[in-house]
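These are my notebook entries on a single chain, written while I looked things up one after another.

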Amino acid sequence: MRDPAPGLPLGAHVFVDETKAGGYVMVATWVPSAQVAEVRRRLRTLLRPRQARLHFQKMNRADRHRAIDLIAGLEVSAVVYRSPLRDARSARCALLEAILSDAGDSRARRVVIERDEASPGLDLAVARATVVADDPVVTHLRSVEEPLLWVSDAAAWCVHRGGEWRTKVAPVLRERPSGDKAERKKSEPG
């Protein structure tokens, strides 16, 4: 059995979104299993009438502030994964491997990746190569189907924007060290 990922809740559900602006970044949000329904309920309170989902890129400033104020108070961990790779396909594979490894280490129950029509086959291939018997179920959903993806979308947007936005979302943010686990182990004193 693998060691639990430090600082990540055990048995959580993980929700993944990415931004390609300014380099390839994926944000994986760990939500404790006992909090999933409550966090979904609270996120839905941010929707305007006839609005099906939150998408930070398309929100006005006041709605973004309202959303981040709510998100910053949630019991979640939004982990930022960055790739130095220039090729988007390679970057996505490397980051998804890291996320799935951390999900397995933290004994996550489920990993939901925002559905990107260009990537489900690639993502599933990475999952098949990375996930072992006791690892979480990996699925793709659209953000309209899963409100918990909105947290990763918001965190990715705030990280990309920086400044006040990054500061506001900081209570739930964690940066994952760059490089894969094998590279980090090689550089650690033995």
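**Entry 1: overall make-up.** I counted the secondary structure of the protein chain in this predicted model, and it comes to seven helices and six strands. Reading along the sequence, I noted the pattern β-β-α-α-β-α-β-α-β-α-α-β-α. I then looked up burial, and of the 190 residues of the protein chain 51% count as buried. For the contacts with a separation of 6 or more, I found that 74% are accounted for by residues 24 or more positions apart.

**Entry 2: the sheet.** In what order do the six strands lie in the open sheet? I read the order as β5-β4-β1-β2-β3-β6, with mixed pairing. The edge strands are β5 (137-141) and β6 (173-175), each of which pairs on one side only. From one strand to the next, I have the twist averaging 25 degrees. I also looked for what packs on the sheet and found helix α3 (residues 88-105), which touches β1 (13-19), β2 (24-31), β3, β4 (110-114) and β5. The direction of α3 makes about 20 degrees with that of β2.

**Entry 3: strand β2 and its neighbours.** I went through the pairings of β2 on either side. With β1 the pairing is antiparallel over seven bridges, and I noted that D17 has V27 in β2 as its bridge partner. The two strands β1 and β2 form a hairpin with four residues between them, and G22 in the turn has a positive phi of about 70 degrees. Towards β3 I again found seven bridges, with β2 and β3 running antiparallel, and M26 stands opposite Y81 in β3.

Is β2 enclosed or open to the outside? Eight of its eight residues are buried, and therefore I record β2 as largely enclosed by the rest of the structure. Both faces are covered, with Y24, M26, A28 and W30 buried on one side and V25, V27, T29 and V31 buried on the other.

Entry 4: I noted β4 as mostly covered, since four of its five residues are buried.

**Entry 5: strand β6 and R174.** Strand β3 (residues 77-83) pairs with β6 in the parallel sense over three bridges, and A78 has L173 in β6 as its bridge partner. I then looked at R174, whose place is in strand β6. With a relative accessible area of 31%, R174 is partly exposed. Not counting residues up to four places away in sequence, R174 touches P6, G7, L8, A78, V79 and V80. I also checked R174 against Y81, and the two are 93 residues apart in sequence and 9.1 Å apart in space, C-alpha to C-alpha.

**Entry 6: helices α2 and α5.** At what angle do helix α2 (residues 61-72) and helix α5 (residues 149-161) pack? I have about 110 degrees, with the axes 11 Å apart, which makes α2 roughly perpendicular to α5. The crossing in which α2 passes α5 is left-handed. The contact is made by R64, I68 and I71 of α2 together with V151, A154, W157 and C158 of α5.

**Entry 7: backbone angles to flag.** R50, although not a glycine, has a positive phi of about 65 degrees. R50 lies in the loop between α1 (36-44) and α2, and I record it as exposed, with a relative accessible area of 84%. R107 has a positive phi of about 55 degrees, and R107 is not a glycine either. I placed R107 in the loop between α3 and β4, where at 32% relative accessibility R107 counts as partly exposed.

Notes. Residues numbered from 1 in each chain as written. Predicted model: local features only at pLDDT ≥ 70, side-chain atom pairs only at ≥ 80, totals over all residues. Heavy atoms only, no water. Pairing = 2+ DSSP bridges. Axes fitted to C-alpha atoms, helices over the stretch in contact; angles between N-to-C directions. Contact = heavy atoms within 4.5 Å. Parallel < 35°, antiparallel > 145°, perpendicular 65-115°, else oblique. Left-handed = near helix turned anticlockwise from the far one by under 90°. Buried < 20%, exposed > 50% of the residue type's maximum accessible area, 1.4 Å probe, protein only.
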